[in-house]
Amino acid sequence: IASPSSAFMMLFVVLSVLLAAAQAQLPPGYDLIFSDEFNGQEIDLSKWEHEVTAGGGGNEEFQVYTPDSANSYLQDGKLFVRPTLLADNINPLTGEPFGEDFLTTGVLDLWGMYGICNVPDWNGCYRTGGDIPPIASGRVRSTLRFSHRYGYTEISAKMPVGDWTWPAMWMLPDKWYYGGWPMSGEIDIIEAIGNRNYRCNGDLKGIQSMGSTLHWGVDWQQNKWHLTHTSISNEENNFGDFFHTYGFLWTPNGMEWFVDGQSILRVPEPWINDRPTSNCFTGFYDFGGPWSGPPRTPWTEDLTCDHFMAPFDQDYHYIFNVAVGSQWYFPQDGCVNWDGEAGRQKPWNNGEGQAQMMWDFYNAKDGWYDTWTNEGDNFAMQVDYIRVYQPASFERTQVPDGCPVPPGPDNCPPPK
């Protein structure tokens, strides 16, 4: 009779095989622990929270995230998330559109307008004219409502089509156990660029491309994301005009990402339990080295039972958002929009500061706004469903004989 530990690992192995199909047929022993089919009239606030902030996500993005139904709503059994011009949104204090003058002379007080500002970082709650983001958008998250570690997630969705948008479906830790970003990690299930005709070094890098990534490092200057990243392309059935199924398998022995049932990334590779004793995986600190500065081991100083996967051994929640612009995500050089058509190129320079970049972007709207309005509903991120499964019970990391084993279970958080 198999032990609970080996039975747990057998379940994950069987699941990996079955994911070769476009829709995963889960093996016995997996339970649905969270789902949203988005069939209601309004976003279910027992499952999701609107993020409300003008901080720019630490990337100097150009939007303010609002709870406005213009930016996130349910329609036709799907969650829609879409940017708008802030000038066209309704000011809750007046009942009238904000108008363009508000961008230069107004006061954006999110507490006063919406009764909430849940990310105050980077001047996120209060801005005055000239420093007010010209775009409104939506960002919904399951924080304080649902989070988990380990299991299988499946999401059916399409990305928005529209220039200079940055859609993402991703995960962040609930408690930042190992410290600030990226020490506690970030899991990106999918990120994309919404431009329809955008080439970097000759390759289509807009809506025909998507990426999956882990972010992690001992400090933000040493984010080793490039070691745990992949991107794929699909010109025939791109990621904006077509729905795709995005899968994410997360175990104490490794992670795997899927698009339409096809594996696109495994971390680590091979997984911990698939390695010979001559090639043990001893954690992300060793994997990411060498590091600059004095030795720092944020993932092993206070060991948890699954420290081989630390920082990816804690509870994470889900985020769906559409950002616009930024200092980092759109390259400064080597990219051409709309085959070089004048007036359609990237209208800001990275590193100029958020206010200057936002205004350069907004003042060039004659070169991009029609790529939003001409798409209709296709301009929105649309999520058909999210379903999260987990084995009814699971044990701690299993490693080959001869590999180092983490200390006892005294500090292990209980399985969810």
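This is a predicted model: local features need pLDDT of at least 70, side-chain atom pairs count only at pLDDT 80 or more; totals for chains, interfaces and linings use all residues.
Strands are DSSP runs of at least two residues, numbered from the N terminus.

**First stop: Thr66.** Select Thr66, which is placed in the loop between strand S3 (63–65) and strand S4 (72–75). Thr66 has a relative accessible area of 1% and is therefore buried, since buried means under 20%. Next, display Asp68: its backbone nitrogen lies 3.0 Å from a polar atom of the Thr66 side chain. Then show the residues that Thr66 touches beyond four places away in sequence, among them His50, Tyr114 and Gly138.

**Second stop: an open sheet.** Select strands S15, S14 and S22, which form an open sheet of 3 strands in the order S15-S14-S22, with antiparallel pairing. Strand S15 (203–204) and strand S22 (335–337) are the edge strands, each pairing on one side only. Strand S14 (residues 198–200) is joined to S22 by 3 bridges. Zoom in on Cys200, whose bridge partner in S22 is Cys335.

The structure holds 38 aromatic pairs. Select Tyr150 and Trp250, an edge-to-face pair with 5.6 Å from centre to centre and 75 degrees between the planes. This pair links distant parts of the chain, 100 residues apart: Tyr150 in a loop and Trp250 in strand S18 (residues 244–251). Tyr150 is buried, with a relative accessible area of 1%, and Trp250 is buried, also at 1%. Move on to Phe284 and Phe312, whose ring planes stand at 70 degrees with centres 5.4 Å apart, so this pair is edge-to-face.

**Last stop: charges over rings.** Select Lys47, whose charged end sits over the ring of Phe34, 6.0 Å from its centre. Finally, select Arg387, which lies over the face of Tyr385 at 3.6 Å from the ring centre.

How values were computed:
Residues are numbered from 1 along each chain as its sequence is written. Side-chain values use heavy atoms; hydrogens and water are left out. Helices (H or I, at least four residues) and strands (E, at least two) are DSSP runs, numbered from the N terminus. Buried means under 20% relative accessible area, exposed over 50%, partly exposed in between (1.4 Å probe, protein chains only). A polar contact is a pair of N or O atoms within 3.5 Å; within protein, one must be able to donate a hydrogen and the other to accept it, and residues adjacent in sequence count only if both atoms are side-chain atoms. Contact means heavy atoms within 4.5 Å. Two strands pair if DSSP finds at least two bridges between them. Rings of Phe, Tyr and Trp (its six-membered ring) pair if their centres lie within 6.5 Å; planes under 30 degrees apart count as stacked, over 60 as edge-to-face and the rest as tilted. A charge sits over a ring if NZ of Lys or CZ of Arg is within 6 Å of the ring centre and within 35 degrees of the ring normal.
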